[in-house]
Amino acid sequence: MKQKSICLFIFFSLIFGTFTSVQADTTNGIRQMTGNKSVFIVMKNGDLWAYGSNEYGQFGTGDTKNIETPQKIMENVKQVSAGQYIKAKWTYILKNDGSLWSTGYNSHGELLDGTKKNSSIPVKIMDNCKQVTGQFILKDNGTVWNAKRIEDFADKDHEINARYELVKEYDDVQKLMDRIYDGSRRPPIIKKNGLVANDFFNDSKIISGRVKDAIVDDTSVDNRYKTAAYLREDGVCIVTADYGYAYLTRKKVCELKNIAEIKACESYFEEDISSGSIAVLNNDGTLYSITYDGKANKVANGVQKIYHNNYYLTKDNTLFKWKANFQNDTEFKETLETKQVASNVAFVDEKGFVLINFDGSICTLNYFWSEGICEKACQLPFVINEQDSVYQ
């Protein structure tokens, strides 16, 4: 038994690095942070740190023990994708050598290892990978593969008998864009010719140019007012919307120039959250909220970075959250409220779930406006130097 344990330790050490809480080399800053109940932090030097729920072995540490204080769990990591929104039951890990690994929950074959048995030990899926977003994988050759859930709805036991398989969906792809929520919904996919591959709304003719970023909303209430935003390589942002059903009345509602980045944000109508507004950051640091009818409402000046779910970081490293309220359903008249969330912020995950301060403290961001929106979760065993921040 002792000899078996030693062999397992050597295996983990050789393949993934030692699972110990050691001082990290932060000279290259943070590359990525993702997750909510299970949080992953990828440093630019390839170190992977994690904390939170490990109920299904989603950290790949060889056990299912939760991690209360952030620990370094792996090395040579490029990117991490949680397999399920809010609570990551399984994880896809892309390493610097292009190999893709999976670990955690596997009841329906989510790990793509040919079994339906959970694994707390990472299993190799494929090589020559460039990017992973949700359960979509971009390979070096430009093909996109979907870890797709296969389900026969005619089968009364279709939920029990569902399975996951790798299915090739696109060729000639340049990059996958990030969605607000990871998971099975297709992210906007930018092809090598600059067009959006999975154009939900057939907006290609409206865009008229090479695209470098795209936000597609397919969650609006009653299928109305579904919006999309496309940031072209020339810095022009095109916002489109649908005022009817079945995408029959789509049109361009807004065109803005000199745009740095775009994100999806929430708007509130009659107490209900209605996703569909667009956050647009101008190169001069001005943040706008674009309503369904194309009106640009200024939110703030002096902004250096924006995130999904209505967060923005000012140039003095203060994080704010804003709330947009629609006063009625015909004029789309919008009022804005703003709250300061935190100061001395070094990094925020793109979806607005977690932040890290320069002193190494980690805070969880509450999604709901009415509740406290920032709560300290834990502490990294190192600080983030200001020159290490990705925004500097």
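Which strands form the open sheet of 4 strands, and in what order?

1. In this predicted model, the open sheet has the strand order β27-β28-β29-β30, and its pairing is antiparallel. Its edges are β27 and β30 (375-379), each of which pairs on one side only. With direction ignored, neighbouring strands of the sheet are turned by 30° against each other on average.

2. Within this sheet, β28 (residues 354-357) and β29 (residues 361-364) run antiparallel and are joined by 3 bridges. Leu-355 has Cys-363 of β29 standing opposite.

3. The largest nonpolar core comprises 29 residues, and Ile-41, Leu-48, Ile-356 and Ile-362 have the most contacts inside it. At least two residues of this core come from each of β1, β2 (38-43), β3 (48-52), β4 (67-74), β5, β27 and β28. The greatest contribution is that of β2, with 5 residues. In soluble globular proteins, nonpolar side chains tend to be buried together.

4. The largest pocket has a volume of about 860 Å³. Its lining consists of 33 residues, and those nearest the pocket centre are Gln-32, Gln-79, Gln-131, Asp-178 and Glu-350. Two or more lining residues are given by each of β1 (30-35), β5 (77-82), β9 (129-133), β13 (173-176), β15 (211-216), β19 (259-269) and β27 (345-348). By class, the lining holds 13 charged, 12 nonpolar and 8 polar residues.

Definitions and conventions:
Residues are numbered from 1 along each chain as its sequence is written. This is a predicted model: local features need pLDDT of at least 70, side-chain atom pairs count only at pLDDT 80 or more; totals for chains, interfaces and linings use all residues. Side-chain values use heavy atoms; hydrogens and water are left out. On a 1 Å grid over the protein atoms alone, a cavity is a set of points where a 1.4 Å probe fits but cannot get out, and a pocket is an open set with protein on both sides within 12 Å along at least five of seven lines; lining residues have an atom within 4 Å of a point. Grid points are joined across faces, edges and corners, and a volume is the space filled by probe spheres set on the points. Ala, Val, Leu, Ile, Met, Phe, Trp, Tyr, Cys and Pro count as nonpolar, Asp, Glu, Lys and Arg as charged, and the others, Gly among them, as polar. Two strands pair if DSSP finds at least two bridges between them. Axes are lines fitted to C-alpha atoms, for helices over the stretch in contact, and angles run from 0 to 180 degrees between N-to-C directions. A nonpolar core is a set of buried Ala, Val, Leu, Ile, Met, Phe, Trp, Tyr and Cys residues joined through side-chain atoms within 4.5 Å. Buried means under 20% relative accessible area, exposed over 50%, partly exposed in between (1.4 Å probe, protein chains only).
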